[in-house]
Amino acid sequence: MSICKVDPAEHSTLAIAPPQVPPTIAVIFGATGDLTHRKIVPAFYHLAKNGLLPDDFAIIGFARRPKSDDEFRQDLEKALLEFSHTKPVDMEIWKKLAAHIYYFQGELDDPAAYQKLAEKLKAIPEAAKIGENYLFYLATAPNYFGEAAKNLKAAGLSSHAGTRHRLIVEKPFGEDLASARELNATLQSAFEERDIFRIDHYLGKETVQNLIYFRFANSIYEPLWNRIYIDHVQITVAEQVGVESRGGYYDEAGASRDMLQNHLFQLFTLTAMEAPASLDAESIRDEKVKVLRSIPTPSLESLAKNVVRAQYGGGFIGGKAIPAYRQEEKVAHDSQTETFVAARFEIDNWRWHGVPFYLRTGKALAAQFTEINIIFKQPPSVLFAAGAESGASRMQANSLRIRIQPNEGIGLSFNVKVPAKAEAEPVDMDFLYKSAQFDHYLPEAYERLLVDALVGESTLFTRSDEVEQAWRLVDSLHELWKKQTVKNLPLYACGSMGPVESDQLLERSGRAWIVPPELKK
Ligand code: BG6
């Protein structure tokens, strides 16, 4: 029985040629958790809906609680109806997929459970046709990642010659360089590096992938993309939500581990990297790692000047009350965890020497948006000397806004003459994805990432050396913070754009954060 629907009218591609997913049994560890419900199962459903799953496909959910296959399927159906990003859910497709979903009860730290799983993998009806092609998805708490990999190996389920066993690992990948190295070593002792897929869901976003197209499929920007023409770069991932129910995890992680080490560094390296030799996974990942390697570990002295951290106090955002971070559920009352971080980095290479990259991210901020702003150098002021009369005081440097979300698009700001006045004023030239003539279905990040892992395409996953380089830099921030005897972190008001120190970080060199369109009066 087919679990795919290939309706040419509805069929959408994730790539120019739809990838051929091989027959596979996917095992989701942490199958009753939030991630499975919100992201993974809706993603599998959409792959089935878009004809991207092969006929021979099955999913096994591995979790601790006792449950029958039918109960598990019902739970997933409920979650799908709530979290599917397309509505209504096509129940015919779901039922077909659900018939190939099974439940397996086991403890993640029990080696015997993996032995039984190995038997189950061979016993399900689809096994005869699929053979030993497994995708193991670790959607569990991070402390189980290493153990699960070891147990899979002991049960003969790790990757070895003649099989196609792949492993997806969720974030966070380690909590510092030492733990990330240890985890890399453990995973690599069970799976080949090419079979390990470390998820950073930002790489699954269409507009993040577009960074490569925008930079290398156009010739007009590349000559300007360097220290001669660019004054500085700003990367912002701003969230309006607080930590909500994730206080337990977040209080250990903070913004630096939760966002900076991964999502912001992905945007940073894709913006700064050199053109890869080709679009294959290793060429692209080599260039991203080179960017990180070109950032020397900052001294504590320079970090003290170039890094800002803060925590949100309570308040209202859009009429919704947000408690102060320390009042959030499962957060320590005297927590010193940062919910906002801003930092200035410099890449010491030929292209970028002397160009600051300002990165910031925070929760409970004034608006929800992710963007990259490239600020070009000011033109020489010989013609439009500063002064109210010429209007030069209103003149801004040209800038390019790459909008990752929402209102995905690209905008260029440049100066024009104000009609009937001897004045210049900045105007915007905007491209908006939603107003372009693209009639393609826009997949969610997890759909794209799942397909790529299923076909063994690693470009959109983080390589071990990339993870380690990112930790090297984030560790240096933590080293500084450990040494600082701060009693209380600076607080910022909910619904602001962070603490005043974040503005000062740029003001010191005569710069300012670019105001996003939603905050312009
Ligand atoms: C996750 C973080 O990785 O990314 C969350 O753990 C954060 O704290 C989320 O809210 C943001 O992702 P997105 O896709 O909503 O920008």
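Predicted model: local features only at pLDDT ≥ 70, side-chain atom pairs only at ≥ 80, totals over all residues.
I count Ala, Val, Leu, Ile, Met, Phe, Trp, Tyr, Cys and Pro as nonpolar, Asp, Glu, Lys and Arg as charged, and the others, Gly among them, as polar. With that, I sorted the shell around the ligand into two nonpolar, three polar and six charged residues.

Residues are numbered from 1 along each chain as its sequence is written, and side-chain values use heavy atoms, with hydrogens and water left out.

**Ligand.** I looked up who surrounds the ligand (a heavy atom within 4 Å); the list includes Lys-171, His-201, Glu-239 and Gln-405. Next came polar contacts, meaning pairs of N or O atoms within 3.5 Å. I found a ligand oxygen 2.5 Å from a side-chain N or O of Tyr-202, and for Arg-246 I noted 2.8 Å. A polar side-chain atom of Asp-258 sits 2.6 Å from a ligand oxygen. The protein covers 78% of the 400 Å² of accessible area that the ligand has on its own (Shrake-Rupley method, 1.4 Å probe).

**Sheet.** I traced an open sheet of six strands (DSSP E runs of at least two residues; a pair needs at least two bridges). The order is β3-β2-β1-β4-β5-β6, with parallel pairing. At the edges I found β3 (101–105) and β6 (196–198), each pairing on one side only. Between β4 (133–138) and β5 (164–169) I got six bridges, and Leu-135 stands opposite Arg-166 in β5.

Note on methods. Polar contact = N/O pair within 3.5 Å; in protein donor to acceptor, adjacent residues only side chain to side chain. Helix = DSSP H or I, 4+ residues; strand = E, 2+ residues; numbered from the N terminus.
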